[in-house]
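Me: I would like to go through one model and learn how to read its disulfides, aromatic pairs and sheets. Please show it to me.

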Amino acid sequence: MSWFWFYLPLRLLMAACLCHSIKAPTTSSQQSFQTDLFNFYHSLILADGKETTIHLLKDIPKRYYFVLEEGRALAPFTITVTPCDVPIEWSILVHKASASFLGKAARGDHDTQEVSKSQKAPSMVSTIFNYKGNSVETYMGMSSHSALYMLEFLSTERDTHITVYLTTDTTSGHLYPELPMDPRIDVIGIGHTTVTLTWKHSPSVLQHRENIQYCLLVNEKHNYKSLCAAETAIRSSGMKLPPTLALSLSPYLLEPQQVMILSNSELSIINKVSSGEVRQICMGTKNTYTVPNLSPSTQYYFDVFVVNLLTNASAAYTGTFARTLEEPEPKVMELKDGKVIQVVLDGKKQKFYSLQYQARHKKIQFTFQLCRGQVRVHITKNGKTVASENISGLRYFSLKGKLLDTYLVQLRSTEESNSSVKVQVSPHFQKPLFPLLPESLKIKSFSKLRSCNSVTIAWLGTQEESKYCVYKKRIEEDQVWVELQSADRCSGPESRHKSEKVLCKYFYDINLQRAVTTETIKGLDAGTLYLFDVYLFGPSGIPVRYHSKVVKTRKKC
């Protein structure tokens, strides 16, 4: 670097200070020039005790200056530089000049001859520190009021920004939280979808627990050396991230690509970016955390930041990474001709349950009866998909192939709650175990036929003579939703109390338009809610439950 670029701003800075402090009369234009000159170079002076954000243009150096307050002979100072994106180059240069000049310039009691002499006085410029990289770096040194310091910053990769913190006060605490002597993150447990981490407490947490917290960053790309760098990466992926969102726990509105999860006094923010998920989890002052809901056989990078909630300043632990365990191959259950099995599916894990069948006939039929929740069915024949859909009620799939074709049935709950389904496979010519179903399994009630002690209901039948059994249950207002949601549509009357049974009857009609039956249930209480169920039994005796109906008797008649 040419010393010209150090001396020119230095001379102009001194001139600005002189112009600003000289008391001699000036014209208005001269006064305006002096003021503008002083304000321009004053903006290049780093503030003491304050974090400054500096924007850098590619290949264009930027310089800032600082001097100590008047009257301080010797004092320590620290400078912390945090790159927020790409690696940068930065250095500290010191200019040692005449102490009498700087002292007089600060007081304004000089004349032109003194200035001329001081400009000719010997001075020395030296580089006392330089660094290149993207890590957070801190320089600690000693300075006197007779020295002027310059910080030079350069980005050679692209436009970026950094933060710089200068302080000469080492007695009133730190802007940045302190890291422990060993700032590593330890991985103490790895599962298929979880990783457990622990780290040593920051001394700042032990001293100022109410103002300090830990925040964890999880992603699949790489570690970040500062929270500033992480937020820049998220923004560059198209995410608008409120910078204090993960730190202050303020109830800001999230962007559409963000998902916030609150549980056990923890805040988790999941940023959906083009390159994958970036999770920010703030967990207070706990120094052990199990990261949930990870993907099996995937490498994740983990960074822990200790954050000062009062200033939003943070310090980064040494990041780590871990690979989750491979998901074990799901157990495959063999299906046998004509046998009905019931499968319970875990909605939280969202895993497929696999069933396999080797065809002994060219034409076969799969039957699915949804018992609870919502289920997706995926059927492949010799590795090729032949059916895939969400099922409801009773669903048949008639398939044609060759002898010994291998069918794989995969079932998955599409809800977070557990779902269950009955499955049967049989030759196409075999008489089905499940009864022939009507067009609709809804139960209808007639408002005009309601009284204080009776209700009339109706349901559809089929062309096949079948047995229908009616059950009733008295319920409270706050039980309606639970009863309807928890109903097991595969369970038969054997799960009901004997006192709930109303009647059983047989009926059918060759003409489907007239295959409707009604029933009036008497002996009910006035102004009371009742849950009515109808069970249909086929030749095999396997029941199918109609959709439950809730009816309230009249309060006054």
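**Reading the model**

Reply: Cys-371 counts as buried at 0% relative accessibility, where buried means under 20% relative accessible area, exposed over 50% and partly exposed in between (1.4 Å probe, protein chains only). This is a predicted model, in which local features need pLDDT of at least 70, side-chain atom pairs count only at pLDDT 80 or more, and totals for chains, interfaces and linings use all residues. Residues are numbered from 1 along each chain as its sequence is written, and side-chain values use heavy atoms, with hydrogens and water left out.

Me: How many disulfides does a search of the whole structure find?

Reply: A disulfide is a covalent bond between the sulfur atoms of two cysteines. The criterion applied is a pair of cysteine sulfur atoms within 2.5 Å. The search of the whole structure finds 5 disulfides. With bonded cysteines counted along the chain, their pattern is 1-3, 2-4, 5-8, 6-10, 7-9.

Me: What does Cys-371 form a disulfide with, and which parts of the chain does the pair link?

Reply: Its partner is Cys-490, with the sulfur atoms 1.8 Å apart. The torsion about the S-S bond of Cys-371 and Cys-490 is about -85 degrees, so this disulfide is left-handed. Cys-371 lies in strand β22 (residues 363-372) and Cys-490 in the loop between α8 (480-486) and β31 (501-507), 119 residues apart. Helices (H or I, at least four residues) and strands (E, at least two) are DSSP runs, numbered from the N terminus. Cys-490 is buried too, with a relative accessible area of 5%.

Me: Is Cys-557 buried or exposed?

Reply: Cys-557 is exposed, at a relative accessible area of 74%. A disulfide joins Cys-557 to Cys-452, S to S 1.8 Å. The torsion about this S-S bond is about 120 degrees, so the link of Cys-452 and Cys-557 is right-handed. Cys-452 is buried, with a relative accessible area of 15%.

Me: Now the rings. How many aromatic pairs does the count come to?

Reply: Rings of Phe, Tyr and Trp (its six-membered ring) pair if their centres lie within 6.5 Å; planes under 30 degrees apart count as stacked, over 60 as edge-to-face and the rest as tilted. By this rule there are 20 aromatic pairs. One of them, Phe-77 with Tyr-139, is tilted, at 6.0 Å centre to centre and 50 degrees between the planes. Phe-77 lies in strand β3 (residues 75-83) and Tyr-139 in strand β6 (residues 137-143), so this pair ties together parts 62 residues apart in sequence. Both Phe-77 and Tyr-139 are buried.

Me: Why is the pair of Tyr-471 and Tyr-535 edge-to-face?

Reply: The ring centres of Tyr-471 and Tyr-535 are 5.5 Å apart and the planes stand at 85 degrees, so the pair is edge-to-face. Tyr-471 is buried, with a relative accessible area of 6%, and Tyr-535 is buried at 0%.

Me: Last, the sheet. In what order do the strands β9, β10 and β15 form it?

Reply: Strands of a sheet pair through backbone hydrogen bonds, either parallel or antiparallel. Two strands count as paired if DSSP finds at least two bridges between them. Here 3 strands form an open sheet in the order β9-β10-β15, with antiparallel pairing. β9 (185-190) and β15 (288-291) stand at the edges with a single partner strand each, so one side of each is left without a neighbour in the sheet. Between β9 and strand β10 (residues 195-199) there are 5 bridges. Val-195 in β10 is the bridge partner of Ile-190.
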